[in-house]
Amino acid sequence: MRAELEVVAGQTGPAYARGVLARRLARRLTDQGGPGKVRDAVGWLIRRGLPRRPDCTDVRCDEGLRLDSGGLCETCAYRVADRRALRRRIEADVDAGMPGAPLAERRVAVEERLRAAVAREAEQARVRHARAAAERAARQAAIAQVRAEAEAAERARRAVPCAGCGAPDAAGLCTACATWRTTEGEIRAAALTAAAAQADVDDLGDVARVVAQAESALRREVEEASARVRADGATRDEAASLARLIAETAVFTRRRSAVALLARSEVATAEADLAFAARMRSAHRYRTRADAERAAAEAAEQARDRTARYLLAERLSVLRARWNSADAAPTHERRRPA
C-alpha cells in the first residue's frame with residue numbers, strides 16, 4: 001500500500017494522495033458488491049483494490065478518471081469518441097454496401113469490420129511502439145557511447161604525467177607542482193610590489209635590480225622553509241602549501257610596506273596638506289579648535305593613505321605593462337626544491 005500511495009502522491013501531491021487512494025478502494029469495493037464479498041482482504045488489495053487500472057496511455061488515468069483532478073480522463077474521452085466515430089463510418093459503409101440486407105446481417109458485418117479496424121489500429125500501435133522502443137534504445141546506446149568516450153578521454157587526461165616532476169597519473173600537473181607554480185606567481189607579485197615602491201618604474205634596469213633582489217630573498221626564504229619541513233617528514237604537497245603561504249604573506253607585507261613608503265612621498269604629503277587645510281577652513285563647525293585639528297589630522301591621514309594606494313596601483317600598472325617576465329626578467333636561476 002505504501003508503494004502505491006507514493007505512486008499516487010507523485011501525481012496528486014502528498015496532501016491528496018490518501019484521499020484519492022481511499023476513493024479508489026471504496027469504488028472498487030462497491031463494484032465488488034461490498035466488503036462482505038471480499039474473503040481474502042490482502043489478496044484483494046494486492047490484485048484488485050490497489051493497482052491502478054488505466055483505460056488509456058495517460059499515467060494520470062485510473063479507470064477513466066484523472067488522479068490529479070478527479071474528473072474524467074480527456075484521453076479516454078477522445079478514445080471513446082474516436083471509436084464511436086469509427087463505428088458510425090463503418091455503419092454508413094455497410095448500409096451503403098448492403099442496402100437491402102436484413103438488420104441482423106448488417107450488424108454482423110459492422111461488428112466484423114469494427115473488429116478488423118480495431119485489430120489494424122492495434123497492429124499500427126504495436127509497430128509505433130516497437131519503432132519508438134528501437135529509437136529509444138538507439139539513443140541510449142549513443143548516450144552510452146558518448147559517456148564511454150568521455151570517460152576514456154578523462155582517464156587518458158588523468159594518466160598524463162606531471163609536466164613539472166614527471167609524477168604519473170597527474171593530469172599534466174600534480175598538486176604540488178601546481179602549488180609551486182602559484183607560488184612563483186606570488187613571488188613575482190611580491191617582487192614587483194617592492195619594485196613599484198623602491199625603483200624608478202621608467203628605468204627597466206633599476207626595476208630589474210630591485211625585482212631580482214626581492215625574488216632572490218623571498219625564494220631563498222621559501223626554499224629554506226620547505227627544506228626544513230621536508231626534513232621533518234612533510235610531504236611534497238605540504239611543503240608546497242607552506243611555500244605558497246609564505247609567498248602570499250610576502251605579497252601582503254610588501255604591499256603594506258610599499259604603501260607606507262609611498263605615503264611619505266611628496267605627492268602623498270601634498271595631498272595630506274591639502275586635506276588638512278580644507279578641513280581647517282571649516283573649523284568653525286567644531287566646538288573647539290582642538291577638535292577641528294584632530295578632524296583635520298584624520299582627514300590628512302586618510303588622504304595620505306588613499307594617495308599612497310593610488311600611487312602603488314599606478315606604478316604596478318606601469319610595471320605590468322612594461323615588464324615582460326619572459327624577456328625583461330633578470331637572468332638569474334629560479335630554483336625550486338626537489
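1. Start with the order of elements. From the N terminus, the protein chain runs α-α-α-β-β-α-α-α-α-α-α-α. That makes ten helices and two strands. Keep in mind that this is a predicted model.

2. Next, the overall dimensions. The C-alpha trace of the protein chain spans about 120 × 70 × 50 Å along its principal axes. The radius of gyration of the protein chain is 43 Å, whereas a compact globule of 338 residues would have one near 20 Å. Read these two results together when you turn the model on screen.

3. How much of the chain is buried? Buried residues make up 30% of the 338 residues. The protein chain exposes about 21800 Å², and carbon and sulfur atoms supply 53% of that area.

4. Charge comes next. The protein chain carries 62 positive side chains and 49 negative ones. The centres of the two sets lie 6 Å apart.

5. Look at helix 4, residues 74-97. Helix 4 has 24 residues. From its first C-alpha to its last, helix 4 reaches 34 Å, close to the 34 Å expected at 1.5 Å a residue. Which residues of helix 4 are buried? They are C76, L86, I90 and V94. What covers them includes strand 1 (61-62) and helix 5 (103-159). Find those two elements in the model and trace them against helix 4.

6. Helix 7 has 28 residues, so at 1.5 Å a residue it should span 40 Å. The end C-alpha atoms of helix 7 are 39 Å apart, which agrees with that expectation. Just after helix 7, G233 takes a positive phi of about 105 degrees.

7. Stay in this region for T235. Where is T235 found? T235 sits in the loop between helix 7 and helix 8 (236-262). Is T235 buried, exposed or partly exposed? Its relative accessibility is 41%, so T235 counts as partly exposed. The reason is that partly exposed covers the range between the 20% limit for buried and the 50% limit for exposed.

8. Finally, compare sequence and space for one pair. T235 and C56 are 179 residues apart in sequence. In space, C-alpha to C-alpha, T235 and C56 are 66 Å apart. Locate both residues in the model to see this separation for yourself.

How values were computed
Residues are numbered from 1 along each chain as its sequence is written. This is a predicted model: local features need pLDDT of at least 70, side-chain atom pairs count only at pLDDT 80 or more; totals for chains, interfaces and linings use all residues. Side-chain values use heavy atoms; hydrogens and water are left out. Helices (H or I, at least four residues) and strands (E, at least two) are DSSP runs, numbered from the N terminus. The expected span of a helix is 1.5 Å times one less than its number of residues. Buried means under 20% relative accessible area, exposed over 50%, partly exposed in between (1.4 Å probe, protein chains only). Contact means heavy atoms within 4.5 Å. The radius of gyration is taken over C-alpha atoms; the globule rule is 2.2 Å times the number of residues to the power 0.38. Accessible areas come from the Shrake-Rupley method with a 1.4 Å probe; for residues, only the protein chains shown count as cover. Lys and Arg count as positive and Asp and Glu as negative; His and the chain ends are not counted. The place of a charge is taken as NZ of Lys, CZ of Arg, CG of Asp or CD of Glu.
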